[in-house]
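This report examines selected helices and individual residues in one protein model. Please keep the sequence and the three-dimensional view at hand while reading.

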Amino acid sequence: MGDYRALQNGSDIRGVALEGVAGEPVNLTEQAARELAAAFALWLSQKTGKPLPQLTVSVGRDSRLSGPALLAAAAEGLQGAGVSVVDCQMASTPAMFMSTVLPGHGYDGAIMITASHLPYNRNGLKFFTREGGLEHEDIEALTELALGELPSGQSAPVRQADLISDYALHLVKKIREGIDDPDHYNQPLQGFKIAVDAGNGAGGFFAQKVLCPLGADVSASRYLDPDGRFPNHVPNPEDPAAMQSIIEAVKEGGCDLGLIFDTDVDRAGAVDRNGKEINRNRLIALLSCIVLEDCPGGTIVTDSVTSSHLGAFIEELGGVHHRFKRGYKNVINESIRLAKEGVPSPLAIETSGHGALKENYYLDDGAYLCAKILIKAATLRQVGKTIDTLLADLQEPAEAVELRFKIKVPDFAAYGKQVLADLESYVDAQPGWEKAPQNYEGIRVSFSDEGERGWFLLRMSLHDPILPLNIESDDCGGAKKIAEKVYGFIQRYDQLDIQPLKTYLGL
């Protein structure tokens with residue numbers, strides 16, 4: 001029995017699983033995976049009211065080098081607790097949730113071994129029930145259970161299942177029905193050339209098991225083979241090198257579309273036929289176009305750093321933009337809350353590419369987002385149009401920058417809170433500084449003077465001792481002018497490392 005509370009990262013477990021990086025000792029061991037899985041079995045039994053021997057839990061992993069050993073250990077923990085285990089082998093995080101609801105599966109719970117886009121030596125565990133992913137407080141309860149006596153010593157059955165193939169068939173069916181082309185029902189993507197960049201993560205299946213059966217040409221795809229060393233680039237749609245890779249694939253291959261996934265496929269990005277990325281605000285805008293067709297007046301919930309222009313774009317579509325907090329769980333839970341209150345909210349999405357649709361269990365699923373994009377691309381082709389035409393009216397800032405300030409005191413939360421409180425008072429005293437009337441995270445301020453039109457947002461990081469500063473401007477050179485205004489306030493805080501801001505300003 002170990003104390004694994006330090007491994008909690010929001011609603012996940014994250015830790016160092018491999019040696020080899022200086023200053024990063026292994027803390028996510030096979031013993032940890034075994035005991036946390038046993039604790040999950042106990043937690044699940046308490047939640048469902050089912051005795052342990054009546055439970056079935058699936059386990060899967062991404063391509064990380066530590067994945068097979070941690071999966072085996074988690075399976076041992078479940079098996080020892082008397083729970084029936086289904087080994088799904090290589091899978092995506094969304095597929096592991098779907099293992100609780102897909103016909104032919106329908107397990108009581110699921111564990112995914114992944115650390116998303118983090119470096120190769122890291123790994124983690126994500127837990128699911130049929131209601132969705134565990135919340136922060138659920139992980140707290142699970143780690144507390146791991147401190148006590150855990151069930152062990154049983155010999156429950158273990159069997160293997162080809163979950164990713166069944167999940168892929170589910171997506172294929174969704175796309176065929178969504179395009180609804182009777183003349184080309186089986187292969188509605190025939191004539192499309194689509195590049196997929198899986199970054200050597202778990203997303204290669206999308207090209208091989210989804211696009212190929214639908215008739216698409218995937219010959220320009222890159223890095224589909226799983227390789228936990230991630231030798232080509234970080235599997236992360238937000239990473240500039242990763243995005244450049246898929247842009248090159250589209251341009252060099254003369255593709256109609258490019259798709260890119262993170263390691264465990266809960267996030268995605270895209271590239272249009274011209275090699276222009278559909279990411280961050282552009283991805284949110286595209287998906288808003290798609291979902292608002294079926295949900296007029298719906299509320300699109302996003303994180304706090306989305307552009308002001310995105311809000312105007314959504315309003316032009318007839319939707320409502322609800323800018324909420326950072327953190328994909330925060331965004332999804334807010335959309336669920338609104339829906340429960342009778343406010344139609346078809347989409348919850350972060351600029352990171354975490355996007356969840358109400359029609360899909362509010363599951364953040366990069367592959368499902370891409371399925372929706374493909375359906376739209378195919379239906380547009382029927383009338384001689386392409387995806388990029390949907391974004392023609394989206395205004396974009398001339399400049400955008402994010403700077404991160406480390407807080408150097410142990411009680412970083414209190415220090416950061418004080419900085420933000422001081423900033424709020426400071427803003428109120430500055431002429432021309434327009435504080436956002438509705439803001440759920442940090443302080444957001446807009447400027448309308450010629451030459452510095454734009455905004456900044458200063459907020460606390462969700463988990464780290466950091467104050468991120470986001471700036472956008474509609475004027476070339478405007479971001480630095482806004483940064484200078486922020487510097488005038490923030491330079492007084494000696495326990496805040498503002499060197500990134502000083503470097504940006506050339507000070």
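Which residue takes a positive phi just after helix 9? Gly318 does, with a phi of about 95°. The model is a predicted one, in which local features need pLDDT of at least 70 and side-chain atom pairs count only at pLDDT 80 or more, while totals for chains, interfaces and linings use all residues. Residues are numbered from 1 along each chain as its sequence is written, and side-chain values use heavy atoms, with hydrogens and water left out.

**Helix 9**

Helix 9 spans residues 308-316; helices (H or I, at least four residues) and strands (E, at least two) are DSSP runs numbered from the N terminus. His309, Leu310, Gly311, Phe313 and Ile314 of this helix are buried, where buried means under 20% relative accessible area, exposed over 50% and partly exposed in between, for a 1.4 Å probe and protein chains only. The cover over these buried residues includes helix 8 (281-294), strand 13 (299-302) and strand 14 (320-323).

Two packed helices are described by the angle between their axes and the distance between the axes. Axes are lines fitted to C-alpha atoms, for helices over the stretch in contact, and angles run from 0 to 180 degrees between N-to-C directions.

Helix 1 (residues 30-48) and helix 2 (residues 67-80) have axes that come within 7 Å and cross at roughly 40°. The two are therefore oblique to each other; angles under 35 degrees count as roughly parallel, over 145 as roughly antiparallel, 65 to 115 as roughly perpendicular and the rest as oblique. On the helix 1 side, the contact (heavy atoms within 4.5 Å) involves Glu30, Ala33, Arg34, Ala37, Ala38 and Ala41. Helix 2 contributes Ala69, Leu70, Ala73, Ala74, Glu76, Gly77 and Leu78. These residues divide into 9 nonpolar, 1 polar and 3 charged; Ala, Val, Leu, Ile, Met, Phe, Trp, Tyr, Cys and Pro count as nonpolar, Asp, Glu, Lys and Arg as charged, and the others, Gly among them, as polar.

Glu30, in helix 1, counts as partly exposed at 42% relative accessibility. Leaving aside neighbours within four places in sequence, Glu30 is in contact with Ala69, Leu70 and Ala73.

Helix 1 also packs against helix 4 (residues 136-145), at an angle of about 115° and with the axes 8 Å apart. Among the residues making this contact are Phe40 and Trp43 of helix 1 and Leu142 of helix 4. By class, the contact has 8 nonpolar, 2 polar and 1 charged residues.

**Two loop residues**

Ser92 is placed in the loop between strand 4 (84-90) and helix 3 (93-98), and counts as buried at 0% relative accessibility. Its contacts beyond four places in sequence include Met112, Tyr167 and Asp264.

Arg273 lies in the loop between strand 11 (268-271) and strand 12 (277-278). With 43% relative accessibility, Arg273 counts as partly exposed.

| Side-chain pair | Polar contact |
|---|---|
| Arg273 and Thr386 | 3.2 Å |
| Arg273 and Asp388 | 3.0 Å |

Key:
Polar contact = N/O pair within 3.5 Å; in protein donor to acceptor, adjacent residues only side chain to side chain.
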